[in-house]
Amino acid sequence: MIKTLFAYPFRLFFLLVGLYGFAIVLAWVAFLFGGLGLPVGWSPLHWHSHEMLFGFTTAAIAGFILTAICNWTGAPPVQGKMLLLLVAAWVSGRIAMWLSSYLPLPLVAALDMLFLLALAALVLQILVRHGNRRNMPLGGMILLLAVANLLMHIGFNTGITACLQHGQALAMGLLTLIMLVIGGRIIPLFTSNWFRNHGVSATVIVRPVLDRAAIAATALLIPAEWIAYPWLTGVLALVAAVLNGWRLCGWKGWNSWREPLLWVLHVGYAWVVVALLLKGLSAFELVTPASWQHALGAGAMGTLILGVMTRVALGHTGRPLTLPAFGWLMYASITLAAVCRVGAALGCFDYQLGVMIAAAGWCFAFSLFVVIYWPIFSRPRIDGRPG
């Protein structure tokens, strides 16, 4: 079993995503409403934000990219001792952040920074060695995520709030771009293949000019926030929402309603559009910033991460692309979590009730993922192939 878990990066990293996704939200709600004391040297709010961005999400990125890079380049998978060292770097960062009130803050920063730096170096080294220029930007984004992480640590260690805010904003901007780039590759491809294989007459429309415009408008939000003109951020966010919504409509995901492994990806991308729309509105003080932040986090990141993990785990273990029994409950729960969390931020209903339901839905979704997919992660491929 141990050898199997270390045979391919997605196995162990996706399992860690499920476990940590459950633990981090459970601990946060216990702190908010149950009086649990968190042994963290950071302000609890910034600690929660940091761990969702740099703990939970980066493990999912590592599991996906280190698996996909084998298809992109033909390189053998990262496994064995190298994978163990990378996982150890991620785990040491999480332990340091959870015990940051007991450790010197420079040590906490060093341990937490190690994972992203190692991941970026590994990804870029593989891409350079195989001459894969197309995916270099993804490696660069991981490196910039390490910069965002550094800014948050500098901000907390020095008390400069602006550094904390810039680090968080940079991370959210980069993670949005990563979702747009990866989603823009796999969602229309998977949808087109499914349409063809199931006799659906609809045709997926991919417009390269629109794709570039949608990504560019979203990327411009990063420097716009540093310039600190709210109206500029608001206009760009609304333009990005329209362009990405137009992009999503071309993929015609409503025709895939019979296939949960597919429509969940469309729903996840739709949450990116909602987040950009709410971000634009928040810049004009029409909604609270928390609404777009949770549409992006609980909605887009939570849904896309769960959707990608459930599909990749099946495909890369030689299993049919059929969601396991009761798997639809994961998707229903994560959607409920996102709707309730964003609704609470918008003031649509009682804040505490909304957050509690959202947390319950989130924790149920990721705990169910671990239960259902543990046998898949811990057992060899069913077709006898390596991996």
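A salt bridge is a side-chain nitrogen of Lys or Arg within 4 Å of a carboxyl oxygen of Asp or Glu. The model used in these exercises is predicted.

**Exercise 1. Trace the salt-bridge network that contains Arg-94.**

Solution. 
- Step 1. Start with the count: the whole structure holds four salt bridges.
- Step 2. Take Arg-94 and Glu-51. Their side chains form a salt bridge, at 2.6 Å from N to O. Glu-51 sits in helix H3 (residues 44-73) and Arg-94 in helix H4 (residues 80-98), so this pair ties together parts 43 residues apart in sequence.
- Step 3. Take Arg-94 and Asp-112. Here too the side chains meet in a salt bridge, and the N to O distance is 2.6 Å. Asp-112 belongs to helix H5 (residues 105-129) and Arg-94 to H4, so the pair ties together parts 18 residues apart in sequence.
- Step 4. Join the pairs. Glu-51, Arg-94 and Asp-112 are linked in a network of salt bridges.

**Exercise 2. Characterise the salt bridge between Lys-279 and Glu-225.**

Solution. 
- Step 1. Get the distance. The closest N and O atoms of Lys-279 and Glu-225 are 2.7 Å apart.
- Step 2. Lys-279 is in helix H11 (residues 260-283), Glu-225 in helix H9 (residues 221-227). The pair links distant parts of the chain, 54 residues apart.
- Step 3. Lys-279 has 8% relative accessibility, so Lys-279 counts as buried. Glu-225 has a relative accessible area of 23%, so Glu-225 is partly exposed.

**Exercise 3. Describe the surroundings of Ser-333.**

Solution. 
- Step 1. Ser-333 lies in helix H13 (residues 328-346).
- Step 2. Its relative accessible area is 10%, so Ser-333 is buried.
- Step 3. Leave out residues up to four places away in sequence. Ser-333 then touches Gly-361, Trp-362, Phe-364 and Ala-365.

**Exercise 4. Examine the positive phi values of Glu-285 and Phe-326.**

Solution. 
- Step 1. Glu-285 is not a glycine, yet its phi is positive, near 60°. Phe-326, also not a glycine, has a positive phi of about 70°.
- Step 2. Locate them. Glu-285 is in the loop between H11 and helix H12 (289-315). Phe-326 is in the loop between H12 and H13.
- Step 3. Apply the cut-off: exposed means over 50% relative accessible area. Glu-285 has 71%, so Glu-285 counts as exposed. Phe-326 has 57%, so Phe-326 counts as exposed.

**Exercise 5. Give the volume and lining of the largest pocket.**

Solution. 
- Step 1. The volume is about 1,200 Å³.
- Step 2. The lining has 45 residues. Nearest the centre lie Gln-168, Met-172, Pro-289, Ala-290 and Gln-293.
- Step 3. Sort the lining by class: 29 nonpolar, 12 polar and four charged residues.

**Exercise 6. Repeat this for the second largest pocket, and name the helix that supplies the largest share of its lining.**

Solution. 
- Step 1. The second largest pocket has a volume of about 600 Å³.
- Step 2. Its lining has 23 residues. Closest to the centre are Ile-186, Leu-189, Phe-190, Arg-311 and Val-312.
- Step 3. H3, H7 and H12 each supply at least two lining residues. The largest share, eight residues, comes from H7.
- Step 4. By class, this lining has 12 nonpolar, seven polar and four charged residues.

Technical notes. Residues are numbered from 1 along each chain as its sequence is written. This is a predicted model: local features need pLDDT of at least 70, side-chain atom pairs count only at pLDDT 80 or more; totals for chains, interfaces and linings use all residues. Side-chain values use heavy atoms; hydrogens and water are left out. Helices (H or I, at least four residues) and strands (E, at least two) are DSSP runs, numbered from the N terminus. Buried means under 20% relative accessible area, exposed over 50%, partly exposed in between (1.4 Å probe, protein chains only). Contact means heavy atoms within 4.5 Å. On a 1 Å grid over the protein atoms alone, a cavity is a set of points where a 1.4 Å probe fits but cannot get out, and a pocket is an open set with protein on both sides within 12 Å along at least five of seven lines; lining residues have an atom within 4 Å of a point. Grid points are joined across faces, edges and corners, and a volume is the space filled by probe spheres set on the points. Ala, Val, Leu, Ile, Met, Phe, Trp, Tyr, Cys and Pro count as nonpolar, Asp, Glu, Lys and Arg as charged, and the others, Gly among them, as polar.
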